[in-house]
Amino acid sequence: MATVELRFSALPEHVRTARLVAAAVARRAGVDEAVLDEVRLAVGEACSRAVGLHVSNGVSAPVRVALTEEEKKFSIEVGDEAPRAVPGRAADGAGDALSGDESGAEAEDEMGLAVISGLVDDVEVTSDEAGGVIRMSWPTADASDPS
């Protein structure tokens, strides 16, 4: 299992680099050429989402991207360190009303996740107080080989 790891400052201009690296590693891993645009778009969306979460939460830690070539699939994990509220756990008993900025950011976040879900069949999103991870995977040429 070969893994390429990227860490980049939460700046929008670094998202393009992550997309290009993801496409190159996916191609080398054996992801079908017809799917590479989906890989590029999904990684771009996931990284843009992570950058936005870092910026809006004042997180200075880098965005993490892990690209893993396994026997029959290619996986990408995009991780952020933006804290999320855990459902059912109120921090200080304050109300749950969102300000205009927060509801707009939340709607944008949901839109990004919807785009990713539309591009990737195998996607998992997790988050907690320490941040979140989007895991995506695609079959490689080995997986579609009947031999």
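The model is predicted.

**The whole chain**

Begin with the entire chain displayed as a cartoon. Of the 147 residues in the chain, 34% are buried. Among contacts with a separation of 6 or more, 69% join residues 24 or more positions apart.

**Helices α1 and α2**

Select residues 13-29, which form helix α1, together with residues 36-57, which form helix α2. Their axes come within 8 Å and cross at roughly 145°; the crossing is right-handed. To see where the helices meet, show the side chains of V15, A18, R19, A22, A23, A26 and R27 in α1. On the α2 side, the partners are L36, V39, R40, V43, G44, C47, S48 and V51. Colouring this contact by residue class gives ten nonpolar, two polar and three charged residues.

**T68 in strand β2**

Now select residues 63-69, strand β2, and centre the view on T68. Is T68 buried or exposed? Its relative accessibility is 12%, so T68 counts as buried, the cut-off being under 20%. Finally, display the residues that T68 contacts beyond its neighbours within four places in sequence: M1, A2, T3, K73, F74 and S75. With T3, the contact includes a polar one between the two side chains, at 3.4 Å.

Technical notes:
Residues numbered from 1 in each chain as written. Predicted model: local features only at pLDDT ≥ 70, side-chain atom pairs only at ≥ 80, totals over all residues. Heavy atoms only, no water. Axes fitted to C-alpha atoms, helices over the stretch in contact; angles between N-to-C directions. Helix = DSSP H or I, 4+ residues; strand = E, 2+ residues; numbered from the N terminus. Left-handed = near helix turned anticlockwise from the far one by under 90°. Contact = heavy atoms within 4.5 Å. Nonpolar A, V, L, I, M, F, W, Y, C, P; charged D, E, K, R; others polar. Buried < 20%, exposed > 50% of the residue type's maximum accessible area, 1.4 Å probe, protein only. Polar contact = N/O pair within 3.5 Å; in protein donor to acceptor, adjacent residues only side chain to side chain.
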